Amino acid sequence: MLKKIALCIGNDDYQFSCLGKLQCAVKDSRSMALKLRTLGFDVVEFSNLKRVEMHQAIEDFEKRLDAYDVGMFYYAGHGFESKGNNLLMPIDTNGTDEGYSDYMALKLEFVINALEGNNIANNLRTKIIILDACRQKPSGRGAVYTGFASIFSPKGSIIAFSTSPGQFAHERDGHGLYTKALLSHIDIPRVPIENMFKHVRETLDAETNGHQISWEHTSLMGNFYFNEDRIDSGIVYSNEAFADRHYRLSPNHPISGVITDLKSLNWYIQNPAISKITKMDFQNVSANDLFVLGRNIYQASTGDGWGALRFINDFDNIAISNGAKTHILNGMAYEIYFNSDGILRVKFKSERYVSILRLLEMETYQASKLFISEKLGAIADRVLYIPGSEDRVNINIKCSQEDANGLSEVYSIHINGIKVFDALNDDYYTIPVNQDRLRKTIAEAIVAPLDMIVIKYSIRPSADTKFAVPYDLRLNYNS
């Protein structure tokens, strides 16, 4: 699971008339801090900070970042651009002339440098900055200046602004409207952060009749979800079922014999065993046994056992209870990703994955989709696609120009900005495949539906182009 930390600052109590007092910035910051804690963030929060205090808060925050994967900074209060600098204003600002404001403010660049590790190195993979500023008195947060200047987003970061250039951020009904929209969308399960901000923008546009449009700078690599959808499916299996190499079958029940036969790797033993399943009384069968049964059914199907294949294809019509089916389907889905020691496979067992994904998308088996999403969501940084995700998988393939035989060598493959295959990493035997076959190979490797994959090549291939790829292509975050 990703380790996440956030710093939230809200400034309302501006001490001088040049910047009017605000009503909701502190409340917004506190609400955001509370929401982030429910999403697994460690949160540091401050209210009504003076210049020295704001700088010290950033410096102290920077010292903690090395222990985390995700770092976030949230600010609500007065802020604007001056002489090309984006400024966040402490409460002891007295004066709005450019030179004085520049001296008194916290420069956004100071925050970016801290998250980037320019002073104290860190290993942050995702850096998030959210600014609900440019609030103008009396109906917003701002000053005599408007908007923020354009800014560079370092690799792996996203900087979100509550307004577009030249606009003001509005407060109403106890919240800044931007933060109100943000709070309503930030915890929606399995929504990539870029899509989440799009939903915020749409809500804010409707709320303000187009007078306030949020915007973002981003250079994120891969997907980040505020809510990784680690939903408690309510289903608990033993450690021995998850790591079923040494699973002890329940004695004196026919299911034990079926599982033993499925483990035989012999079609003539496996196929009759499958036919016994529909004749069983599942009333007194343990959830663990059913889960392990599902694992072994899927295992038999990958060896082309026709009984197991037919069982999966006819699964929805088989006359056994939905409760039993849920545990069996959980086991089949789990077997795709995890080995007999309960460890994520180096290469997923994806021979029959399309049939399993089809079942997981059915309304009847939503509990199973939640189950496998929960298991994979806990290790989302190591999985390239999670069943049920609505986000398309963007694939960029770098390859050579075609040779005289129309063959192009694949140098590297990037998925959602992450390099998942590098031809320089190893020696391997290659085979030539066309675009359709390469697309299917990649889909199988990451266990994703074909229609969720979008591929872009570094060359312009023709219908006859062949790509040289490893015979046993493996894609992972460690390439």
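This is a predicted model: local features need pLDDT of at least 70, side-chain atom pairs count only at pLDDT 80 or more; totals for chains, interfaces and linings use all residues.
Residues are numbered from 1 along each chain as its sequence is written, and side-chain values use heavy atoms, with hydrogens and water left out.

Start with the whole chain. Its secondary structure comes to 15 helices and 18 strands. Helices (H or I, at least four residues) and strands (E, at least two) are DSSP runs, numbered from the N terminus. Of the 479 residues in the protein chain, 54% are buried. Buried means under 20% relative accessible area, exposed means over 50%, and partly exposed lies in between (1.4 Å probe, protein chains only). Take the contacts in the chain with a separation of 6 or more: residues 24 or more positions apart account for 72% of them. A contact means heavy atoms within 4.5 Å.

Next, the interior. In soluble globular proteins, nonpolar side chains tend to be buried together. The largest nonpolar core here has 81 residues. Such a core is a set of buried Ala, Val, Leu, Ile, Met, Phe, Trp, Tyr and Cys residues joined through side-chain atoms within 4.5 Å. Leu293, Ile297, Ile397, Ile413 and Leu475 touch the most other members. Helix α12 gives the most to this core, with eight residues. Another core, of 67 residues, lies apart from it; Ala6, Phe80, Ala133 and Val191 are among its members.

Helix α12 covers residues 322-337. Its 16 residues reach 23 Å from first C-alpha to last, close to the 22 Å expected at 1.5 Å a residue. The helix is mostly covered, with 14 of its 16 residues buried.

Leaving out residues up to four places away in sequence, Ile413 touches Ile395, Asn396, Ile397, Ile418, Lys419, Val420, Phe421, Ile442, Leu473 and Leu475. One of these, Ile442, is a buried residue of α15.

Return to α15, residues 435-446. Its buried residues are Leu438, Thr441, Ile442, Ala443, Ala445 and Ile446. They pack against α13 (353-360), β13 (393-399), β14 (407-415), β16 (430-433), β17 (453-457) and β18 (466-470). Lys440 is also in this helix. Lys440 is partly exposed, with a relative accessible area of 41%. Lys440 and Ile453 are 13 residues apart in sequence, and their C-alpha atoms are 9.5 Å apart in space.

Val447 lies in the loop between α15 and β17. Its relative accessibility is 0%, so Val447 counts as buried. Phi of Val447 is near 55°, a positive value in a residue other than glycine.

Asp304 also has a positive phi, near 70°. Asp304 sits in the loop between α10 (287-302) and α11 (306-313). At 40% relative accessibility, Asp304 is partly exposed. Beyond its neighbours within four places in sequence, Asp304 contacts Trp267, Leu309 and Arg352. Arg352 is 48 residues away along the chain, with 9.6 Å between the two C-alpha atoms.

Now turn to α2 and α4. How do the axes of helix α2 (residues 51-64) and helix α4 (residues 108-116) cross? They come within 9 Å and cross at roughly 10°. Axes are lines fitted to C-alpha atoms, for helices over the stretch in contact, and angles run from 0 to 180 degrees between N-to-C directions. The two helices are therefore roughly parallel to each other. Angles under 35 degrees count as roughly parallel, over 145 as roughly antiparallel, 65 to 115 as roughly perpendicular, and the rest as oblique. On α2 the contact is made by His55, Ile58, Glu59, Phe61 and Glu62. On α4 it is made by Phe110, Val111, Asn113, Ala114 and Leu115.

Leu49 is in the loop between β2 (41-47) and α2. Leu49 counts as buried, at 7% relative accessibility. Leaving aside neighbours within four places in sequence, Leu49 contacts Ile9, Asn11, Met54, Ala57, Pro90 and Ile91. Leu49 and Gly10 are 39 residues apart in sequence and 8.0 Å apart in space, C-alpha to C-alpha.

Last, the cysteines. Cys24 is buried at 5% relative accessible area, and Cys399 is buried at 8%. A search of the whole structure finds zero disulfides, a disulfide being a pair of cysteine sulfur atoms within 2.5 Å.

How values were computed. The expected span of a helix is 1.5 Å times one less than its number of residues.
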